[in-house]
Amino acid sequence: MNMSREITAACALTFAACATAGNAPNEGAVRSSNKMNVTTMQSEEFGQVDIYSLAVPDGVIVRTATFTPSGSILVSYANDAMAKPRDIMLATMNADGTGFRHFFQADIPLRPKDNGLRFMMFADKKRIFIGDFVLECTKPLEQCSDARLIDVQYPAEVADGDHVSHRWSEMVIAPDNQSVAWTTLLSNYAAIVFTGQLRREANTYVIASPTIISSINPFLPDPNNADGVLPQPVRGGEVKQFVHGGAAISLAGAARRDIPDSVVQHLSSGKREGITDTPGYTETTIFSPDETLGVVMTTRFSDKTDPAVLGLVPRPYPDSLNMGLSMLAYTYSVTGVRRGRPGNIGPALIAIDASKSAHKYQGLNLNTDQSWVYRSPMSWHPGGKMAMWQEGQFIGGPERIQIVHLPNYRSASPVAPVATPISVSYGITDLSVVKVFASQSRDIDVKVYGRASGYIRYKRTPEAIVKTYVDFSDDGKSAYSGRETTMSNPKGTSVYTADITLSGQDRGRMDLTVSFGPISGEVPATIIFTPNANGVPQSRGYAEYNGRRLNVSDLLP
């Protein structure tokens with residue numbers, strides 16, 4: 001059980017005198033008064049945990065902040081709340097909030113199919129990957145005086161065109177300072193994940209050796225059933241971080257459930273490993289330098305807005321036979337909370353091994369104030385005892401920098417860089433498939449036979465997804481019967497219904513209808529409880545799995 005206490009404002013201003021234990025964020029003596037709203041917790045798992053807001057100089061409006069490989073903080077900021085989003089100012093400051101040093105300002109050009117600005121640190125300490133550009137210095141960022149912006153050229157097949165929605169959704173750079181990965185969003189709402197080599201050529205950077213590492217076809221013919229298919233593990237997802245020294249990627253994807261979790265894809269083999277297993281929405285795990293801890297965006301601590309009723313009962317093949325619930329769950333529990341629906345999206349502090357193996361593992365809730373909500377990015381100090389993220393208020397206004405400090409934690413040595421694979425056996429280097437993939441309607445009508453009994457009939461069109469279970473069992477121990485349906489209407493009402501029974505060794509039941517309002521607007525993806533023409537609530541029912549029961553009526557509209 002975790003015990004927390006709020007340190008008074010007066011004590012926060014003289015933190016060195018009031019703290020019960022621990023060093024400053026730079027792991028030296030605390031000499032700064034730049035920490036406010038301090039919360040100290042005692043955790044059986046992590047020891048002492050200090051969470052606090054890091055003050056910035058007066059007039060600085062924080063847009064984004066992240067730790068650098070040198071241990072300082074890169075801050076993207078503005079001095080005017082009305083400044084254009086792409087008119088950026090960059091500075092570095094010490095990890096204790098002192099030493100604010102401006103070094104760059106520019107109006108970043110907008111290119112077609114751009115997707116905003118992200119600031120990903122190169123391990124060489126001198127460069128920042130900003131999606132369509134690289135900002136480079138001749139000295140480390142903390143001493144930079146000659147920063148310049150260099151254009152990045154993506155492969156022509158994804159750089160532009162009607163088939164492309166956004167050239168990149170997320171992009172990351174490996175410890176080798178050259179390997180990159182990114183997710184391209186297509187106009188048919190599909191996505192493709194790529195790796196490549198970022199190479200400096202004259203006055204530009206070029207992404208060479210592009211390779212698709214996500215799945216294009218999730219089904220193979222079933223050799224034992226002429227009318228059947230064999231679902232394949234679906235590689236890919238939204239990339240978040242290179243891990244294992246650059247040999248793997250942390251990303252958002254399906255593990256056991258229809259609602260996203262965090263997974264790692266090993267690049268050489270294509271094998272995917274579940275890092276979290278939550279029935280609600282968990283999207284991102286950023287690993288600590290020694291890869292024993294992680295910080296995670298998650299709804300797991302938000303009972304009133306955690307869409308766990310949708311994912312409580314694990315369903316077969318949630319990646320290739322998914323019910324299309326991810327966008328509805330995300331918009332309801334993340335976008336909706338950021339716009340004012342009372343709730344919490346973390347982050348959580350987790351122990352990686354426990355998260356992968358312990359049943360119902362939660363970790364530690366790092367949100368200390370319900371009036372503030374998590375906003376990306378998350379990052380770790382290279383010393384491995386601190387992580388950082390941002391929070392904003394529902395009413396808008398400036399964001400704040402939050403830091404968790406683990407003074408008792410003994411970090412191991414950071415995972416050493418390894419060679420990131422350039423070519424992989426399952427990879428696709430013929431990028432002509434991108435336009436073909438984007439042009440497909442992706443209508444699906446397949447039959448999947450259970451290895452022990454029964455089958456699943458899965459039908460998917462842009463308007464509806466229907467998954468019918470007929471005594472389906474792969475292990476011969478538990479069997480599924482029933483049907484679930486998603487009727488999708490992003491601009492109107494989308495309805496998910498389930499009448500499913502899981503019998504045998506594992507027991508579950510879904511008798512559930514959830515109606516969501518439009519995914520846009522001030523209160524997106526509202527769960528509609530008002531009665532229909534027959535007087536029946538438009539959202540009703542429950543999900544139950546191995547003794548745990550969740551009711552949709554417990555969620556907020």
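Predicted model: local features only at pLDDT ≥ 70, side-chain atom pairs only at ≥ 80, totals over all residues.
Me: Which residue in β7 is the bridge partner of Met89?
Reply: Strand β6 covers residues 87–93 and pairs with β7 in the antiparallel sense over six bridges. Within β7, the partner of Met89 is Gln105.

Me: How many residues apart in sequence are the parts that Glu170 and Lys240 tie together?
Reply: Glu170 and Lys240 form a salt bridge, and their closest N and O atoms are 3.3 Å apart. Glu170 lies in the loop between β12 (164–166) and β13 (171–173), whereas Lys240 belongs to strand β19 (residues 238–243), so the pair ties together parts whose separation in sequence is 70 residues.

Me: Are Glu170 and Lys240 buried or exposed?
Reply: Buried means a relative accessible area under 20%. Glu170 has a value of 11%, and Lys240 has a value of 7%. Both values fall under the cut-off, so Glu170 and Lys240 are buried.

Me: Which residues are linked with Glu170 and Lys240 in a network of salt bridges?
Reply: The salt bridge between Glu170 and Lys240 belongs to a network.

Me: Where does Glu399 lie, and in which strand is Arg375?
Reply: The side chains of these residues meet in a salt bridge, at 3.7 Å from N to O. The pair ties together parts that are 24 residues apart in sequence, because Glu399 lies in the loop between β28 (386–393) and β29 (400–405) and Arg375 in strand β27 (residues 372–380).

Me: Which strands hold Asp499 and Arg509?
Reply: Asp499 and Arg509 form a salt bridge with closest N and O atoms 2.8 Å apart. Asp499 counts as partly exposed at 45% relative accessibility, and Arg509 counts as partly exposed at 22%. The two residues are 10 residues apart, with Asp499 in strand β34 (residues 494–504) and Arg509 in strand β35 (residues 508–516).

Me: Which element gives the most residues to the lining of the largest cavity?
Reply: The search of the whole structure finds two cavities of 30 Å³ or more, and the largest has a volume of about 40 Å³. The elements that give two or more residues to its lining are β14 (179–186) and β15 (191–201). With three residues, the element that gives the most is β15.

Me: How many charged residues are in the lining of the second largest cavity?
Reply: This cavity has a volume of about 30 Å³. Its lining includes Thr195, Leu267 and Val424. Five of the lining residues are nonpolar and three are polar, and the number that are charged is none.

Me: Which residues are the closest to the centre of the second largest pocket?
Reply: The second largest pocket holds about 790 Å³ of space. Its lining divides into 16 nonpolar, 10 polar and 12 charged residues. Of the 38 residues in the lining, the closest to the centre are Ala255, Arg256, Pro314, Arg315 and Pro318.

Me: Which residue in β26 is the bridge partner of Leu349?
Reply: In strand β25 (residues 348–351), Ala348 and Ile350 point one way while Leu349 and Ala351 point the other way, and all are buried. Strand β24 (residues 293–298) pairs with β25 over four bridges in the antiparallel sense, and the partner of Val296 in β25 is Ala348. β25 also pairs in the antiparallel sense with strand β26 (residues 364–365), over two bridges. In β26, the partner of Leu349 is Leu364.

Methods. Residues numbered from 1 in each chain as written. Heavy atoms only, no water. Pairing = 2+ DSSP bridges. Salt bridge = Lys/Arg side-chain N within 4 Å of Asp/Glu carboxyl O. Buried < 20%, exposed > 50% of the residue type's maximum accessible area, 1.4 Å probe, protein only. 1 Å grid on protein atoms, 1.4 Å probe; cavity = no way out; pocket = protein on both sides within 12 Å on 5 of 7 lines; lining within 4 Å. Points joined across faces, edges and corners; volume = space filled by probe spheres on them. Nonpolar A, V, L, I, M, F, W, Y, C, P; charged D, E, K, R; others polar.
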